[in-house]
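The following questions and answers concern a predicted model. Each answer works from the geometry to the value or name requested.

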Amino acid sequence: MSNPQDTDPSSPRPSALGPRPSELGQQIIDLIGIPKDQWEIAAQLEVMGLRDADARSDYGSRDLFDLARQIHDDFQQGRFRYEIEGEDVTPRVSPVVRFLKNYATGLTFSLPMALQAVAMLTWGYGVWGAIDMDLRIGSAIALGFIASYIVTGGFMQTIVRRGLFYVYQQEPWLARWTALRSWSIALRVVIALLVPALAINAIFHPLPWSIVLTAAAYYVALSILWLNWALIYLVRKTWLFLLTTAVALAAVLLAAKGFDASPVMANAIGLVVADTLSFGLALYHLNRLAAPRPVVKPPRLTILVYSTSRFFLYGMLYNTFLFTDRVIAWTSSTGREDFPPYGFWLNVRYELGMDLALVVVMLLSGVVEHAAQRFSESLIPAEKRIKSIDAPQFLDASRAEYRRRFFLLAGASVVAVVAAIAVMLALRQATSLPIYSALSTTTTMRVFAVATVAYVVFMFALQNVLMLLTLSRVEMVARAVAIALAVNIVTGFVASRAIHYSAAVVGLLAGAIALAFLTARSMRGVLGELDYHYYAAY
Amino acid sequence: MSLSVLMTTEGTYPYSAGGVSTWCDALLRNTPDVRWTLLPLMMNPHIEQKFDPPDNVRRILNVPLWGIEEPSEFSADIPFAQLYDRKRRTTAETIAAEFLPPFRELLHVICSDPGDSPTLGRIFVQFEDYFRIYDYNETFKSRPVWEAFRTEVEAYSQSLVERRKIPGPEHQLPSIFDLTECLRWLYHFLIVLNVRVPKTSVTHATAAAFCGIPCITAKVRHGTPMVLTEHGVYLREQYLFLSRFRRLFFCKQFLLNLITAVVRANYHYADIVAPVCHYNTRWEVAHATPQAKIRVIYNGVDPEQFAPSPKLHGEQHVVATARIDPLKDIETLLRIAARLKPTHPRVKFTVFGAVADEAYYRRCLTLRKRLGVEDTVTLGTATEDVAAAYRDADVVLLTSISEAFPYSVIEAMSCEKAVVASDVGGVGEALEGCGVLVKPRDDERFAAEVRALLDNHSLRLRLGAKARARVMEEFRLDHSIGRYLELYRGLGRAEGQGPRAEG
């Protein structure tokens, strides 16, 4: 429907030149809310098209500034009504729906793991690895997998953190540019690191070439996959992790079952599919985020490296922490049943115990994601609501919120542990499973028990880590992870050499306890001055 | 004597188009004997250049205010090792001992006494000295700075609550979010203090804004003479911009206090305040600029480039060169076209100018449709050849509700065109006696004046000839450049005479 004022050019329109100053004043107050002073009103008068001549002829003022001063004086006398609307009403979301949404986001990180595990148990194949592989190849894959995870950990953090920085700065094309540039640098580093690794093997011969070359191939292919996933994380399409895993698994199964490809060949096909698909999807979404531009002014490399170095360090240490115990276990011969022929030799019983314990990580990752999301989402509304002189109230509320999250995670942990035990018991009943014999060993059960507790403790630490990273307190996190890693290594090494190789898992537990303790202490400090930490997180 | 001049810009040259950038480019290009250093304050470091500065610009010191994690990301003049040393040196103790005292003074000036320009100038120099030894990021993001900021600002807002009943504590007392935002803004706006500026004969700030800070510190430090040109009125523009912060009254108040303090310091330390029209002087004088400092230098155009020439097409054509922006009041132009359509159905209107405000553009398109002038008015087309756009015009129209001294008016005058313009800003100073001035937003009067000119060829010719003569006499580019050179030379001679002059 058209506005009659606009269709008839001769009809009167709202004019700044109202007959009385009070009407004009009210008009301005309605427009700007609370005026800071008379100058704000003067600026508005001018932009309404009023001139000194109008102020004199229509309002009896000396000039516009004089008219503005009169209006401001009147405002100070309370002669105008003013209304400042509150914050925009955000659509009310049921807490359950919100939890489920966040939980689903958290699951996108763990579901690929779960899918791999199910595929391995059901069909005997994963994207990397297969039940029928001999230990020599299994060891090579484990070595390649761990190396890829550790080497790319820092780059993944760099890609995500710097990319998100530019996304928040509303410079999406720069986010795309830095992410792809970091990706390409990372890939070169990944490949370059093969040179010293191969050289060391050539000089000292710690492992046979068949293992080293297979490990190198898996290392490169998996590194590309992790780096691609970092790009996917940047564009917030984490469900694509599951999609790429599923498609790659389908390719592996087709190659193995349909074309009788060897497990390594089937894995190779699956990894090429996973790498290509994930990169294609990442690039597609990055291009949707922002079209590439030819001219870019990159920041100074030294400063860029410096400003992202803490995130790099954190990423590398964090990924190292996750797999240290396996490396320690698989390089120890103490109490080992399978008499390792080389310095590094995969042990299925240990791996199986660790994999079963991962059930708690899968189930709790959504809870942790929800906690981190809510922590981040509730900060700004609380900061807007609470006056700075009432900061203690804000801090108390934040502490209470933190405690709630802690207890929620504790409750969920009980459920997760019960679920993990149930899964383990169910699998032990499945006599047809190829892993049946390994499942019933004491080693597997011991590793499972300790690792389950370790992972639960680790999830508490992870919840703290994510909250600290929300506030850009990466130096606190990196320090905590470094100490926890040291505890993990020392405890695991001593235990695995003095007691039993599988006691390396105690290192993981000790490290997780250290990480949970250190991050909880950091969180306590941060929550005690959350107003400052939120300010400094820019 | 060879002159060296530091020119500082903010959000304009060489990174965006518009009147200020056109003026800067003309000044730099037409002063080949001056050695220029250019210091542009820019929104972020990734904006593409719209202008290629000439060769006499020896150095460009880009200062991005946003889009960076470290202020040194885009400065190449300090080695990384030195920057790293600064970070290591910056501890809570050094911050408390060396940064907090001037920082508290700064907050006092911002909150309570924005007119204390001598103190502000001294604080800026202290900050510059401090940031040559210590790190900007580490300092601003430190706990002592946050605590000091919170304490000072809370005390200020409490005192306001006690003094003023309205608007009351609900709005006067800052929320934690208000404090966070304000200190983060301070961090960004003061980034320029992190830059090392070479010593020059004269400094020239192109706005009474944050870009004036290096000129102020050069004045305090070396006594370097400072010229300040105001194209628009920065303070007024900021008041208009921040009026949108309806819900964040405290932030608006804090930012406007900060901006007022910086603007007044610019006026205080400038040896010459050279606005582009007398109209601008109203705000300058009202903010403590002595009349004796003010020398209006009008913008100039190249009469060869904007020369009269025969009209290309037969149909009558009303032309406006204006970006699509609410301040240009394109809606009034549309109403003028609607009023003329019944009597002059063949007259075409064209607005040459890029879309600056997408929402406003859509509003204009809707209004154009409602008024039934879609086939009459063409909107939103930028042109590279402005002179050609004027050449095809019978009448040039300017409906702005806010202007300083617009190039569009003097360019049209130089092309010998009859101009109808709203009587705002310095437009009257250009057009008085050789064009038609109309009260802004009065589309009825505008339409009548345009109609009268379209119907009277000889009147158009007469006004056009007078306008051209006026340009030749008062608004020539070479005259304008000459006046700036005179200023530089006059002030440059005094260079070095007054160490650490206090303005």
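Q: Is α15(A) roughly parallel or roughly antiparallel to α17(A)?
A: The axes of α15 (residues 391-429) and α17 (residues 442-470), both of chain A, come within 11 Å and cross at roughly 155 degrees. Angles over 145 degrees count as roughly antiparallel. The crossing in which α15(A) passes α17(A) is right-handed. The crossing angle therefore makes the relation of α15(A) to α17(A) roughly antiparallel.

Q: At roughly what angle do the axes of α7 (residues 135-168) and α8 (residues 172-192) of chain A cross?
A: The two axes come within 8 Å. Their crossing angle makes α7(A) roughly antiparallel to α8(A). The value is roughly 170 degrees.

Q: How do the residues of the contact of α7(A) with α8(A) divide into nonpolar, polar and charged?
A: From α7(A), the residues include V151(A), F155(A), I159(A) and R162(A). Among those they meet in α8(A) are L174(A), A179(A), W183(A) and V190(A). The division is 12 nonpolar, five polar and one charged.

Q: Why is chain A more spread out than a compact globule?
A: Chain A contains 20 helices and zero strands, and its C-alpha atoms fill a box of roughly 105 × 50 × 50 Å along the principal axes. For 538 residues the globule rule gives 24 Å. Chain A counts as more spread out because its radius of gyration is well over that figure, at 31 Å.

Q: What is the radius of gyration of chain B?
A: Chain B has 20 helices and 13 strands. Its C-alpha trace spans about 75 × 60 × 40 Å along the principal axes. The globule rule gives 23 Å for 503 residues, and the value for chain B is close to this, so the chain is as compact as a globular protein of that length, with a radius of gyration of 25 Å.

Q: Which strands are the edge strands of the six-stranded open sheet in chain B?
A: The strand order is β10-β9-β8-β11-β12-β13, with parallel pairing. The twist averages 20 degrees from one strand to the next. An edge strand pairs on one side only, and in this sheet of chain B the edge strands are β10 (377-381) and β13 (436-438).

Q: Which residue in β13(B) is the bridge partner of A421(B)?
A: Strand β12 (residues 418-422) of chain B runs parallel to β13(B), and three bridges join them. Helix α16 (residues 407-414) of chain B lies across β8, β11 and β12, at about 165 degrees to β12(B). The bridge partner of A421(B) is L437(B).

Q: Which helix supplies the largest share of the side of chain B that touches chain A?
A: In this interface, 56 residues of chain B are in contact with 51 residues of chain A. The chain B side divides into 26 nonpolar, 10 polar and 20 charged residues. Helices of chain B that each supply at least two residues include α6 (143-163), α11 (249-269) and α14 (358-371). The largest share, six residues, comes from α8(B).

Technical notes. Residues numbered from 1 in each chain as written. Chains lettered and ligands numbered in written order. Predicted model: local features only at pLDDT ≥ 70, side-chain atom pairs only at ≥ 80, totals over all residues. Axes fitted to C-alpha atoms, helices over the stretch in contact; angles between N-to-C directions. Helix = DSSP H or I, 4+ residues; strand = E, 2+ residues; numbered from the N terminus. Parallel < 35°, antiparallel > 145°, perpendicular 65-115°, else oblique. Left-handed = near helix turned anticlockwise from the far one by under 90°. Contact = placed C-beta atoms within 7 Å. Nonpolar A, V, L, I, M, F, W, Y, C, P; charged D, E, K, R; others polar. Pairing = 2+ DSSP bridges. Rg over C-alpha atoms; globule rule 2.2 N^0.38 Å.
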